[in-house]
Amino acid sequence: MDLTPGPRGHAGQIIMLDHEQDVGGDLLADSLTDLVSNRLGEGRRGPRGDKPPAVARVNIGGLSSVEAAAHPELEVLSIGV
């Protein structure tokens, strides 16, 4: 259950996060009620919509600070070495 959705989502949506990918999540249902009653969201264009999620990497090969990465469309923030 997504309690802190990005700008294209809403609180309470049900998403699946793939442990093999470091970007975004797939929308499974608009709410827990929709998921358990098998009423999946309609009109979806695909698991990730029509464009990839905004990703920022803060590390020695990427951005220098979290502040430099922050913007309204940011969905994934990866902080590493």
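## M1 at the surface

M1 is exposed, at a relative accessible area of 56%. This value comes from a predicted model. The residue sits in the segment before β1, a strand that spans 14–16.

M1 also belongs to a nonpolar surface patch.

## Q13, a buried counterpart

Is Q13 buried or exposed? Q13 is buried, because its relative accessible area is 9% and the cut-off for burial is under 20%. M1, by contrast, is exposed, because its 56% lies above the limit of 50%.

Q13 too is found in the segment before β1. Which residues does Q13 touch, leaving out those up to four places away in sequence? The contacts are M1, D2, P5, L27, A29 and D30. Exposed M1 is thus one of the residues that touch buried Q13.

## The chain as a whole

The protein chain holds two helices and four strands. Read from the N terminus, the order is β-β-α-β-α-β.

Of its 81 residues, 14% count as buried. The chain exposes about 5900 Å². Carbon and sulfur atoms supply 55% of that area.

Definitions and conventions
Residues are numbered from 1 along each chain as its sequence is written. This is a predicted model: local features need pLDDT of at least 70, side-chain atom pairs count only at pLDDT 80 or more; totals for chains, interfaces and linings use all residues. Side-chain values use heavy atoms; hydrogens and water are left out. Patches are made of residues with over 30% relative accessible area and no salt bridge: like charges are joined within 9 Å, nonpolar side chains (Val, Leu, Ile, Met, Phe, Trp, Tyr) within 5 Å. Accessible areas come from the Shrake-Rupley method with a 1.4 Å probe; for residues, only the protein chains shown count as cover. A salt bridge is a side-chain nitrogen of Lys or Arg within 4 Å of a carboxyl oxygen of Asp or Glu. Buried means under 20% relative accessible area, exposed over 50%, partly exposed in between (1.4 Å probe, protein chains only). Contact means heavy atoms within 4.5 Å.
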